[in-house]
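Student: Can we go through this one together? I'd like to start with the DNA.

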Protein chains: 2
Amino acid sequence: MPDHTRPPGKRVTIYDVAVEADVSPSTVSRAFSRPSRVNSETAERIRRVAERLGYRTNPLARALTTSRTQMIALVIADITNPVYAEIVRGAQEAATDGEYTTVLIDAQESDRLERAAVERAMSTVDGIVLASSRMSDSAIRMVAKQRPVVVLNRALADVPCVVTDDPRGVRRAAEHLGELGHDHITYVAGPQASWPNGIRWRSLLEAGMELEIKVRQIGPFSPTMAGGERAAQELYARPATAVLAFNDQMAIGIIRGLSRMGVNVPGDVSVVGFDNILAADIVTPGLTTVAAPLYAEGSAATRHLLTMIEGAPGHTGRPMVLPVRLVVRDSTAARNPSPGRARPSWARQRSGPGPAAHLP
Amino acid sequence: MPDHTRPPGKRVTIYDVAVEADVSPSTVSRAFSRPSRVNSETAERIRRVAERLGYRTNPLARALTTSRTQMIALVIADITNPVYAEIVRGAQEAATDGEYTTVLIDAQESDRLERAAVERAMSTVDGIVLASSRMSDSAIRMVAKQRPVVVLNRALADVPCVVTDDPRGVRRAAEHLGELGHDHITYVAGPQASWPNGIRWRSLLEAGMELEIKVRQIGPFSPTMAGGERAAQELYARPATAVLAFNDQMAIGIIRGLSRMGVNVPGDVSVVGFDNILAADIVTPGLTTVAAPLYAEGSAATRHLLTMIEGAPGHTGRPMVLPVRLVVRDSTAARNPSPGRARPSWARQRSGPGPAAHLP
DNA sequence: CAATACATGGCAACCCGTTGCCGCGGTGGC
DNA sequence: GCCACCGCGGCAACGGGTTGCCATGTATTG
């Protein structure tokens with residue numbers, strides 16, 4: 001059984017170093033926190049003594065007076081959602097570069113849990129990145145009053161935000177589907193509380209207007225594969241040839257659900273997702289999707305947060321917008337020109353009542 | 001632009017509460033940290049005053065004397081690896097239940113980064129969970145000397161460990177393949193530095209012995225999809241009918257690689273993975289795999305860590321072993337009985353002289 | 001050469017709780 | 001009626017750095 005108590009001398013402090021280096025504790029302190037404030041030779045000597053004694057500055061004690069812990073909190077909605085992996089990595093790396101440590105908080109899609117965790121962490125961290133927060137605007141503003149905050153994937157007045165260029169992504173997806181001959185796109189909505197969900201739908205409305213493509217919305221559904229499978233059932237009842245899903249997981253669920261019911265993707269229906277998670281590339285068919293720069297999101301949000309912590313104003317004017325791109329894979333194809341092929345229930349149903357309306 | 005400075009009175013401290021409640025600061029302190037030590041009416045009064053003033057105990061100041069921060073570090077090898085998502089969730093939840101906050105450290109598969117990050121976090125956390133550490137045994141022991149540590153997925157004398165029952169999982173996989181008529185299993189190895197990799201191979205050797213199945217190993221390959229695709233090429237050159245991959249990502253890569261070369265899974269080759277990541281269920285064909293109780297791993301390791309922090313000895317005798325189970329999907333099938341089908345290079349190569357030499 | 005400026009280091013207060021120890025008043029035992 | 005004990009609260013010393021201010025001693029300037 002390991003022994004976690006240093007045998008005699010406990011922990012090495014600046015006082016120990018001070019005695020050994022024959023200077024006062026304050027000089028030792030300055031040698032580390034303000035090297036310019038002390039003679040370089042003295043500083044060097046102190047550093048050597050500290051090294052020899054194995055001194056490590058105690059971040060807690062330092063934090064007590066400076067109220068800087070060199071830690072930031074990263075709050076994500078659901079760690080099992082692969083979207084966040086890259087975001088976390090980006091944030092983590094930016095934090096490490098700035099000599100900060102990251103406290104990860106998984107809100108588990110719960111407003112309550114998120115608030116409680118943020119509350120608890122708040123006094124310990126120097127700033128917070130809220131990625132896809134489930135909290136209300138006012139709750140976020142509350143937090144932003146007490147600590148520097150950067151919000152990811154959500155625009156919010158008076159709080160610095162980083163968002164992706166979803167309108168452009170949706171537009172590109174719509175163009176792509178239009179070029180394939182689709183004149184009607186069904187948006188499969190995610191959580192209504194999700195900010196990107198609203199943006200994506202409105203962007204599609206707009207794109208449809210300009211491109212002369214009809215659009216409609218179904219949902220909301222849970223933003224998971226299971227949600228997508230439920231959406232597939234509804235899609236089966238009210239067929240479409242082109243579908244834009246709120247995110248990749250739903251898109252994958254939709255494809256699975258449709259396949260199970262005998263509907264072919266992309267033969268009968270084209271499906272486009274959002275985010276470009278890793279799985280988008282390994283499913284069959286490969287998922288056409290709007291790729292968000294996940295790593296860059298985490299990184300940009302964190303870097304901005306760090307500058308705020310260092311005292312920068314925190315541009316709250318307009319959100320920082322990150323570019324997206326459309327990744328075309330195999331889940332989209334030209335609109336099937338021969339409805340005469342043997343998929344009667346599906347093909348016929350589109351155009352009104354018929355005997356085979358609800359065949360498998 | 002938000003203002004992060006409380007206008008007049010800075011932060012509320014026990015001293016403010018003490019004045020207002022007309023008691024000494026120590027009484028306020030005790031009212032929160034040792035309620036039994038103070039008259040219940042007094043405590044109640046103090047609590048009300050504190051509430052009114054918006055007092056929050058400062059965890060840093062508390063930590064300074066108690067040297068307990070109520071934080072633990074969770075170190076993972078690679079956050080983009082989906083295996084860790086569930087582990088993190090399990091750990092996170094256990095930590096939250098125990099009123100602890102989690103500091104996540106992503107080592108990015110780098111020994112150096114891991115050591116640096118652990119070094120930095122060490123003085124701030126009460127304990128550390130090392131999930132699939134890339135550090136050397138001695139480095140881990142070093143850390144374990146200074147803080148309570150629980151190691152996940154690795155057995156290490158003198159340090160508490162939580163591992164999965166890989167031998168049993170491998171055994172089950174081998175039995176499954178044996179029942180399907182396979183008399184030869186190829187193990188596709190992951191990183192040699194990975195502790196589970198060694199265990200899995202040795203377990204397969206053993207299981208092969210008992211079940212009278214021949215085994216061989218190829219690799220090592222990187223534990224990623226790309227690594228799996230490279231392995232597929234080698235498998236193509238030296239064919240096999242049954243493959244056990246180090247992990248699911250490699251298994252998925254193998255299936256993709258083989259498919260691209262015209263080899264059918266499971267028709268020509270059965271593939272078994274390890275871990276049962278989410279993607280295992282959504283690829284085509286669905287991946288047969290040894291499911292590790294990922295959530296339980298994170299949870300068990302963390303709970304054990306917390307008991308150690310609370311002063312329990314930390315059973316270092318034998319590792320805690322978590323059960324696994326075989327999840328059978330569609331990537332395994334009976335060994336193809338008709339080598340006469342049109343896949344000459346593949347079928348012939350196996351048996352050298354006679355075409356049917358190794359039929360069941 | 002006097003006067004001012006600067007570099008350097010020490011002193012002591014401070015950050016905000018925690019805790020060992022002591023004292024005071026009240027209660028119960030004998 | 002005396003003493004031991006208990007419940008409760010206060011005092012003061014931490015814990016480990018940080019930092020404003022002052023005291024030197026040396027360098028610069030006029």
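Tutor: We will take the DNA surface and then a pair of helices.

Tutor: This is a predicted model, where local features need pLDDT of at least 70, side-chain atom pairs count only at pLDDT 80 or more, and totals for chains, interfaces and linings use all residues. Residues are numbered from 1 along each chain as its sequence is written, chains are lettered from A and ligands numbered from 1 in the order in which they are written, and side-chain values use heavy atoms, with hydrogens and water left out.

Student: How many residues surround DNA strand C?

Tutor: There are 28, counting a residue as near if one of its heavy atoms lies within 4 Å of the strand. Among the closest are Thr27(A), Arg37(A) and Ser29(B). Sugar and phosphate make up 54% of the atoms of DNA strand C that come within 4 Å of the protein.

Student: New topic. At what angle do H2(A) and helix H3 of chain A pack?

Tutor: About 95 degrees, with axes 10 Å apart; axes are lines fitted to C-alpha atoms over the stretch in contact, and angles run from 0 to 180 degrees between N-to-C directions. H2(A) and H3(A) are therefore roughly perpendicular, a label for 65 to 115 degrees. Helices here are DSSP runs (H or I) of at least four residues, numbered from the N terminus.

Student: Which residues of H2(A) meet H3(A)?

Tutor: Thr27(A), Val28(A), Ala31(A) and Phe32(A), with contact meaning heavy atoms within 4.5 Å.

Methods. Helices (H or I, at least four residues) and strands (E, at least two) are DSSP runs, numbered from the N terminus. Angles under 35 degrees count as roughly parallel, over 145 as roughly antiparallel, 65 to 115 as roughly perpendicular and the rest as oblique.
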